[in-house]
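Please examine the model displayed below together with its sequence.

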Amino acid sequence: MGIFDRIADKGILLLGCGKMGSAMLEGWLSKGLPPQAIHVRDPNPSDRLKALAGQGLHLNADLPAAPAICLVAVKPQMMGAALPDVAALGGGPTLVLSIAAGTPIARFEQVFGAATPIVRAMPNTPAAIGRGITALIGNDAAGPAHLDMAEAVLAAIGETVRLEHEDQIDAVTGLSGSGPAYVFHLIECLAAAGEAEGLAPALAMRLAKATVAGAGMLAMEADEGPAQLRANVTSPNGTTQAGLAVLMDAENGLPPLIRATVAAAAGRSRELKG
Ligand SMILES: NC(=O)C1=CN([C@@H]2O[C@H](COP(=O)(O)OP(=O)(O)OC[C@H]3O[C@@H](n4cnc5c(N)ncnc54)[C@H](OP(=O)(O)O)[C@@H]3O)[C@@H](O)[C@H]2O)C=CC1
Ligand SMILES: O=C(O)[C@@H]1CCC=N1
């Protein structure tokens, strides 16, 4: 029996179905997990959730006895209100899988008990189109089979990578968890700069989006690394060289700005531990 078959058999409980929860839910459905195997708890269910409830998804129903996974996808600030509802799943076979920023494994062990298998993960929003990347780490009670199961449900929304230490997750959050927002802002900045150079807003935005998407795909698919791909664009004494002289300035360019950006996000992740 495959991992998804086992999850379909025992069920999966999703606690919180907002931006990330719904992206994961769609990923599981696209992998063939039947709505009947999915339990969702969310105080304000979307129309999509209500429609899925009509197809057998269990919406705000009684707690299932021993689902394969309880996936925690509420905001860190809502943990105190949300976890008591599902604490009864602790100490059994259910794997608790959290994607919450800043909330340490120890916090879940307090609620569910240290004997409960717990995996902490950090995905990102390209998950909504199956192009996310999620880093994960388990507690001592999470064995190889639990990590495989966590990886299987997370692989439905993109790539996965295993961490060696829980502390790494703050840097991961600052880089790939929050990272899509930095890239979206880059698109905004490129479009605004194109407008300032005289382009119409719609054309500038179209060029900016296609440039970031195309460069991202090329970076993923090319044999060369990003530095060589950058060099390939840069003709001696040409336009790119003139632009990069500003962007790559060691004091005022992108390197110190990105360093400070990721440090601020990682620092906030550390602060959220409380
Ligand atoms: N967004 C992102 O890029 C990423 C987010 N994360 C993490 O994922 C988690 C979810 O984030 P995101 O999806 O963006 O947040 P959302 O606010 O979009 O989703 C959270 C959902 O949980 C619901 N909720 C609130 N209280 C409860 C409760 N007691 N029981 C069940 N559900 C509840 C909310 O309902 P309502 O809105 O009505 O309050 C909402 O639908 C967070 O912990 C975040 O740190 C991780 C990686 C990336
Ligand atoms: O901003 C946040 O706190 C969440 C975690 C990573 C991305 N969004």
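Does asparagine 60 count as buried or exposed? Asparagine 60 counts as exposed, because 12 C-beta neighbours lie inside 10 Å. The classes are defined as follows: a residue is buried if 20 or more other C-beta atoms lie within 10 Å of its own, exposed if 12 or fewer, and partly exposed in between, with C-beta atoms placed from the backbone. Asparagine 60 is located in the loop between β3 (58-59) and β4, and although it is not a glycine, it has a positive phi of about 50°. Asparagine 237 likewise is not a glycine and has a positive phi, of about 60°. That residue belongs to the loop between α10 (226-233) and α11 (239-247) and is exposed, with 7 other C-beta atoms within 10 Å.

The model is predicted: local features need pLDDT of at least 70 and side-chain atom pairs count only at pLDDT 80 or more, whereas totals for chains, interfaces and linings use all residues. Residues are numbered from 1 along each chain as its sequence is written, while chains are lettered from A and ligands numbered from 1 in the order in which they are written.

As a whole, the protein comprises twelve helices and eight strands. Helices (H or I, at least four residues) and strands (E, at least two) are DSSP runs, numbered from the N terminus. The C-alpha trace spans about 65 × 40 × 35 Å along its principal axes. Of the 274 residues, 34% count as buried. Among contacts with a separation of 6 or more, 66% join residues 24 or more positions apart; two residues are in contact if their C-beta atoms, placed from the backbone, lie within 7 Å.

Setting aside neighbours within four places in sequence, isoleucine 69 is in contact with Ile7, Ile12, Thr94, Leu95, Leu97, Met149 and Val153.

Strands β1 and β2 pair in the parallel sense over four bridges, where pairing requires that DSSP find at least two bridges between two strands. Within this arrangement, leucine 15 has arginine 41 of β2 as its bridge partner. Strand β2 (residues 38-41) is covered on both faces: Ile38 and Val40 on one side, and His39 and Arg41 on the other, are all buried.

An unreviewed UniProt entry lists Leu15, Gly16, Cys17, Gly18, Lys19, Met20, Ala73, Val74, Lys75 and Pro76 under "binding site". These residues span 62 residues in sequence, yet no two of their C-alpha atoms are more than 14.1 Å apart, so they gather at one spot. UniProt positions are given in the numbering used here, feature names are shortened, and annotations may be inferred rather than shown by experiment. Glycine 18 is found in the loop between β1 (12-15) and α2 (19-30) and is partly exposed, with 13 other C-beta atoms within 10 Å. Alanine 73 occupies the loop between β4 (69-72) and α4 (79-82) and counts as buried, with 24 C-beta neighbours inside 10 Å. Leaving aside neighbours within four places in sequence, the contacts of alanine 73 include Leu15, Gly16, Gly18 and Met20.

Ligand 2 is surrounded by Ala101, Thr173, Gly177 and Ser178, which divide into one nonpolar, three polar and no charged.

Note on methods:
Near = placed C-beta within 6 Å. Nonpolar A, V, L, I, M, F, W, Y, C, P; charged D, E, K, R; others polar.
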